[in-house]
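Subject: Structure for you to look at

Dear colleague,

Here is the structure I said I would pass on. My notes follow below it.

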Amino acid sequence: MKSGSVTPEEASLRIQNAERLLLVALGTSLSDLLATTPVINSLRAALPHTELHCLTDRVGAPAVLDHPALREVWIVPGSGFGAAFKRRMLARRVRSHRPEIALSLSSFPPPPAALAFLRSLDVELLVGLDDVSEGSKGYDCVVPSPQEP
């Protein structure tokens with residue numbers, strides 16, 4: 001999908017109607033990711049019938065690994081020998097769950113390589129969760145953070 005081609009209202013509606021949602025927690029500090037726990041809780045409360053999956057890295061794993069709202073958590077391999085092969089295998093596994101929408105939980109956009117990886121997952125919509133006034137930053141759309149219940 002072309003960046004910025006979906007309005008926040010349309011993206012919010014599509015998120016509400018999604019059967020499977022991939023939450024993306026990549027490339028931020030552990031303290032930033034711990035702050036996303038209320039967002040995950042809000043999403044679970046607002047979307048009780050939606051499968052919530054999470055894609056994170058080794059930095060974010062402790063914040064989400066045992067979160068009860070998440071059906072599955074995948075950890076993106078770092079660099080080093082075999083990392084490219086492991087990322088391809090991970091992408092295949094994530095695609096097999098058919099998430100419709102990827103929603104970034106970071107207030108900063110992922111680096112270009114991470115965005116390319118997210119695009120390779122064949123999600124219908126890649127959404128940033130941020131201050132809408134900041135722009136799309138490589139996402140299809142940016143929506144405001146949900147308020148805590």
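Which side chain of opposite charge is nearest to Asp57, and how far away is it? It is Arg58, 7.7 Å away. Lys and Arg count as positive and Asp and Glu as negative, while His and the chain ends are not counted.

This is a predicted model, in which local features need pLDDT of at least 70 and side-chain atom pairs pLDDT 80 or more, while totals for chains, interfaces and linings use all residues. Residues are numbered from 1 along each chain as its sequence is written, and side-chain values use heavy atoms, without hydrogens and water.

Asp57 sits in the loop between strand 2 (51-56) and helix 4 (61-64). A polar atom of its side chain lies 3.0 Å from the backbone nitrogen of Gly60.

Five of the six residues of strand 2 are buried. Strand 2 pairs in the parallel sense with strand 1 (residues 20-25) over six bridges; pairing takes at least two DSSP bridges. Here Glu51 stands opposite Arg20. Strand 2 also runs parallel to strand 3 (residues 72-75), with four bridges, and His53 has Glu72 as its bridge partner there.

Overall, the protein has six helices and six strands, taken as DSSP runs (H or I, at least four residues; E, at least two) numbered from the N terminus. Of its 149 residues, 44% count as buried.

Regards

Notes
Buried < 20%, exposed > 50% of the residue type's maximum accessible area, 1.4 Å probe, protein only. Salt bridge = Lys/Arg side-chain N within 4 Å of Asp/Glu carboxyl O. Polar contact = N/O pair within 3.5 Å; in protein donor to acceptor, adjacent residues only side chain to side chain.
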